[in-house]
Amino acid sequence: MGKYFGTDGFRGEANKDLTFQHAIQIGRFLGWYYGAKQDPDKRAKVLIGKDTRRSSYMFEDALCTGLIASGADAYIMHVTPTPSVAYITRIDDFDCGIMISASHNPYYDNGIKLFNSNGEKMDEETILAIEDYIDGKFEIPLAERNHIGSTVDYESGRNRYMGYLISLAKYGFKGVKVGLDVANGAAWTIAKNVFDALGADTFVMNANPDGFNINTDCGSTHIEHLQKFVVDNGLDVGFAYDGDADRCLCVDEKGNVITGDHILYIYGLYMKERDKLLDNKVVTTIMSNFGLYKALDKVGIEYEKTKVGDKYVYENMAENGYRIGGEQSGHIIFTKYATTGDGVLTSLKIMEAMLAKKKPLSELVAPVEFYPQVLKNVRVHSKPDAQNDPDVQAAVSQVSEKLGDEGRILVRESGTEPVIRVMVEAGSDETCEKYVDEVIEVIRAKGHINE
C-alpha cells in the first residue's frame, strides 16, 4: 500500500483526507500519463463513474478538470456501479477507468478507485507515480490550444452494462419474488431494471438516494432490514448491495443471512457438478470461516487462501486461471465474466443455481455449518504501531494458544481505514467475544486507540 492509496483506492473523509485538489491532481496525472507522456499528439480516453454521495459530484468535476487540463477526454457514466466502470473500460478500449466511491463507508467518506485498460485494479507502479506527483516530486505540463481535452456524456455505457448482465442469465425469473436492498447507492440505477427485464417480481427497498443516506442503516452492512423485508413480504430470496454495488450478501426465504463464504460454497459446488470448476479450486481469503473449508472438504473441492482484499483474490485467480473466488463480505469474482467483484452479477449467479437445482436457497446452504465468529474494528492512531506492539502480539499469541485447534484469532490492519480488525472464531459466541475483548483491552491500555 502507498501513502494515499490503500488496497481499494484513495479513501477518506471528503475534503479532509481526500480533497478536491487531490482529485484534480489525479486527473492531471492520468490525462498526461496516458496521453502526452506517450505521444505529444495522443489524447487519453478516460472513463468516470460515481456513486450517490453528495461529494461524488464534486470529485467528478475535479477529476474532469484535471483530465481536460492535461489533454484527456473524460467520458462520464454518471451514477453507476464500480463493476460497470471496470467492464466498460475493458470492452470500449479506454486507457483507464475511475470510480468515485467509498464503497460501504458512510456518506461523508469518499474514494477514488482506478482501473487499467483491462478493467483490473491499477498496478502499484502507476499508483506510486501518482503519489509522487501529488507530493510535488515532479511537474506535468498543461495542455494548450487544440490539445485541451473535453467531457463526453457516456450514459450509454451504463445501459450496455445492464444489457450485458441480462444476457448472462440462463433462466427467466418469472414467478420468483425477489427483494433488493440497493443501499441508496449505485445499484439503484441498475438492479431493479435487470431483474424486471428477466421477469422477476421485484421488491425494492432503500432506492431513494439524497446524497447523504448511502449505506445509512441499509444495504449489505445492515442486512437485518432485508431479512425482515423478505419474511414480511413472503419473498423467495433477497439480495443486499453496498454503496458501489461491488459486493452482495443474500437472505434466504426463511430470513437467514447468506454470506460471501456461503456464496462461494453454493456456486463452487454448482460449477463442480457441471465440470466448470477449473483445477477444482475456489479462492478465499484468510478471513473465510472454518465452516466453509470443512464443507468444501466434504464435497472434494480444494481452495486457496489469500490476504484480505478482492485485489489479492483476483491476482491469485488471474495468475492461476481460477474461475471463482471472493471474500466473506460479499466481494465475489467470476473471472469468466468480470475482473472485479460485482454485486448484481453475483445475485444473478445465485438465482441461476437456485433455478437449475430447483431448490430454495436455504437448502443449498444447509451443508455449511459455520463456526461462531466475532469481528470488531478498533480505530487507532497508527495501524503499524498497534499491530507491531510487543504486548499486543503477546496477547494475540496467548489467545491463539488457548484456542488451540478449536478456533483461531486474526488481527490485521484495514487496507482502507485507520482501523485494526480483531477477529476470533471459536465454539461459542461468548468465547469469541471474550477473546476479542481481551486483545482490544491491551490495544487500549497501550494508548493506541483513537477514541
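I count a residue as buried when its relative accessible area is under 20%. I am working from a predicted model.

**Entry: Ala245**

I looked up Ala245 and found it in the loop between β10 (237-241) and β11 (248-251). Its relative accessibility is 0%, so Ala245 counts as buried. I noted a phi near 60° for Ala245, a positive value in a residue other than glycine.

**Entry: Asn15**

I then turned to Asn15, where phi is near 65°, again a positive value in a residue other than glycine. Asn15 sits in the loop between β2 (9-13) and α1 (20-33). I read a relative accessible area of 43% for Asn15, which makes this residue partly exposed.

**Entry: helix α5**

I took helix α5, residues 155-168, and checked its length. The helix has 14 residues and reaches 21 Å from its first C-alpha to its last, close to the 20 Å expected at 1.5 Å a residue. I listed the buried residues of α5 as Gly157, Arg158, Tyr161, Met162, Tyr164, Leu165 and Leu168. They cover an arc of only 155° around the axis, so they lie on the same side of α5. I also asked what covers the buried residues of α5. The cover includes β4 (73-79), α3 (82-91), α6 (191-197) and α11 (343-357).

**Entry: aromatic rings**

I searched the whole structure for aromatic pairs and got 22. For Tyr267 and Tyr270 the ring centres are 5.2 Å apart and the planes are at 65°, so I recorded the pair as edge-to-face. The cut-off I applied for edge-to-face is over 60 degrees between planes. Both tyrosines, Tyr267 and Tyr270, lie in helix α8 (residues 260-273), three residues apart, about one turn of the helix. Tyr267 has a relative accessible area of 3% and is buried. Tyr270 also counts as buried, at 5% relative accessibility.

I wrote down one aromatic cluster, formed by Phe29, Trp32, Tyr33, Tyr34, Tyr133 and Phe138.

**Entry: charges over rings**

I went back to Tyr270 and found Arg274 over the face of its ring, at 3.9 Å from the ring centre. I noted another such arrangement at Tyr293, where Lys305 lies over the face, at 4.3 Å from the ring centre.

**Entry: Arg408**

I located Arg408 in strand β18 (residues 408-413). Is Arg408 buried or exposed? Its relative accessible area is 18%, so Arg408 is buried. A polar atom of the Arg408 side chain lies 2.4 Å from the backbone oxygen of Ile286. I then listed the contacts of Arg408, leaving aside its neighbours within four places in sequence. They are Ile286, Met287, Ser288, Asn289, Phe290, Gln373, Leu403, Met423, Val424 and Glu425.

**Entry: Ser414**

Ser414 is buried, with a relative accessible area of 0%. I found that Ser414 touches Lys383, Val419 and Arg421, not counting residues up to four places away in sequence.

Conventions. Residues are numbered from 1 along each chain as its sequence is written. This is a predicted model: local features need pLDDT of at least 70, side-chain atom pairs count only at pLDDT 80 or more; totals for chains, interfaces and linings use all residues. Side-chain values use heavy atoms; hydrogens and water are left out. Helices (H or I, at least four residues) and strands (E, at least two) are DSSP runs, numbered from the N terminus. The expected span of a helix is 1.5 Å times one less than its number of residues. Buried means under 20% relative accessible area, exposed over 50%, partly exposed in between (1.4 Å probe, protein chains only). The arc is that of the directions from the helix axis to the C-beta atoms. Contact means heavy atoms within 4.5 Å. Rings of Phe, Tyr and Trp (its six-membered ring) pair if their centres lie within 6.5 Å; planes under 30 degrees apart count as stacked, over 60 as edge-to-face and the rest as tilted. A charge sits over a ring if NZ of Lys or CZ of Arg is within 6 Å of the ring centre and within 35 degrees of the ring normal. A polar contact is a pair of N or O atoms within 3.5 Å; within protein, one must be able to donate a hydrogen and the other to accept it, and residues adjacent in sequence count only if both atoms are side-chain atoms.
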